[in-house]
Amino acid sequence: MTRIAGVHGVLPPHRYEQHEIADALATMGTESAGERGVRNRLSGTAGVRTRGLALPLERYAALSGFGEANDSFITTALELGEQAVRGALDEAGLRPGDVDLVVSTSVTGIAAPSIEARLAGRLGLRPDVVRVPIFGLGCVAGAAGIARLHDYLAGRPDGVALLLSVELCSLTLQRHDASAANLVAGSLFGDGAAALVAVGPRHPAAGAQDLAPAVVATRSHLYPGTEHLLGWDIGDGGFRIVLGADLPDLVRRHLGPEVRAFLADHDLKPQDVAAWICHPGGPKVLDAVRESLDLPARALELTWRSLAEVGNLSSASVLHILRDTLDLAPPLPGSTGLLLAMGPGFCTELVLLRW
């Protein structure tokens, strides 16, 4: 089985309390008193206390448009991405030249050449490294990226695969959009990066990672007719959030049967899962996840903690929560874990882990 050899999360140095961000955003646009009241209420109920931002808070008002914001995305993504990859490789005891495949993902900026291509020389990746940049999976891409590493290593059991996620959600800021979806996004999303290194079962590092989880199986599920619920409308001003109000109801109806069927294929039930590594979609979504699976409140404790401390980091969040699980609450050997995330499509990605 694929073995996860290293996970490393990185946050930008500019860190702010939730009320500081809400106050700054309120002064950047043209909000009425009523809209400002809605923003303040949403900021207080988002479950977020602090967030890291790609830029100092005062610089956002000066961004001239999508081009300048995207230039900032590339600059910051390279800085955070390099830190994340070096940290994950160090944890795995591997070198950049050992990497055979790089999957990189982001849904908050555009770069061609892609971020992992721009980092290749700085990191010392081999010229023949296989690169797969992904755009459009959004929040689900952290889990989907692990699944695609697992697919690759199934055919190359002596290989090394790397996943890099960089999400700078603050740079998609729409200062003059007072829609409910934009106000929610401005209260919920943060910035960060993460990298994960996985090795095939025949790689020498696999035997040195006995306490690290192995990927047992994965499953993707796309729900037809739900593409209008989550994603971006991309126009002259950049990325404008699409966030359907009925997302929690969709999760409540469909996630439980999907997860139970996946677990049943491996003779498991939800109560057999020792570690739930769940993307922090927001308080209403997390409540829907817990209800749909009939989980005890403590099952998602690390997810709630991550949401409070850094916000929703899109695809990077589930990797940060996996790292927290390994550092703060590692399951006993032989235990089962389930890593899950949701994203545009609407879709889910499940990754079954075993320690």
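**View 1. T336 is found in strand β12.** The model is predicted: local features need pLDDT of at least 70, side-chain atom pairs count only at pLDDT 80 or more, and totals for chains, interfaces and linings use all residues. Residues are numbered from 1 along each chain as its sequence is written, and side-chain values use heavy atoms, with hydrogens and water left out. Helices (H or I, at least four residues) and strands (E, at least two) are DSSP runs, numbered from the N terminus. T336 counts as buried because its relative accessibility is 6%; buried means under 20% relative accessible area, exposed over 50% and partly exposed in between (1.4 Å probe, protein chains only). Leaving out residues up to four places away in sequence, T336 touches L268, D272, V273, A274, A275, L352, L353, R354 and W355, where contact means heavy atoms within 4.5 Å.

**View 2. Strands β11 and β12 (residues 336–343) run parallel and are joined by five bridges.** V273 stands opposite T336 in β12. Two strands pair if DSSP finds at least two bridges between them. β11 and β12 belong to an open sheet of nine strands, in the order β5-β4-β6-β7-β1-β8-β13-β12-β11, with mixed pairing. At the edges are β5 (130–134) and β11 (273–278), each pairing on one side only. From one strand to the next, the twist averages 20°.

**View 3. Helix α5 lies across strands of the sheet and runs at about 165° to β6.** The strands that α5 lies across are β1 (2–10), β4 (101–105), β5, β6 (160–168), β7 (191–199), β8 (214–222), β12 and β13 (347–354). Axes are lines fitted to C-alpha atoms, for helices over the stretch in contact, and angles run from 0 to 180 degrees between N-to-C directions.

**View 4. Helix α5 (residues 141–155) crosses helix α11 (residues 317–328) at roughly 75°, and the axes come within 7 Å.** α5 is therefore roughly perpendicular to α11 (angles under 35 degrees count as roughly parallel, over 145 as roughly antiparallel, 65 to 115 as roughly perpendicular and the rest as oblique). G142, A143 and I146 of α5 make the contact with V318, L319 and L322 of α11. By class, this contact of α5 with α11 has five nonpolar, one polar and no charged residues. Ala, Val, Leu, Ile, Met, Phe, Trp, Tyr, Cys and Pro count as nonpolar, Asp, Glu, Lys and Arg as charged, and the others, Gly among them, as polar.

**View 5. Helix α10 (residues 301–310) has the buried residues L302, T303, S306, L307, A308 and V310.** The cover over these buried residues includes β2 (14–17), β3 (50–53), α6 (180–188), β11, α9 (283–293) and α11.

**View 6. A hairpin joins β9 to β10 through two residues.** Strand β9 (residues 230–235) pairs with strand β10 (residues 238–243) in the antiparallel sense over six bridges. Within this pair, G231 stands opposite V242 in β10.

**View 7. Helix α4 (residues 115–123) contains A120.** A120 is buried, with a relative accessible area of 18%. Along the chain A120 and R323 are 203 residues apart, and their C-alpha atoms are separated by 24 Å.
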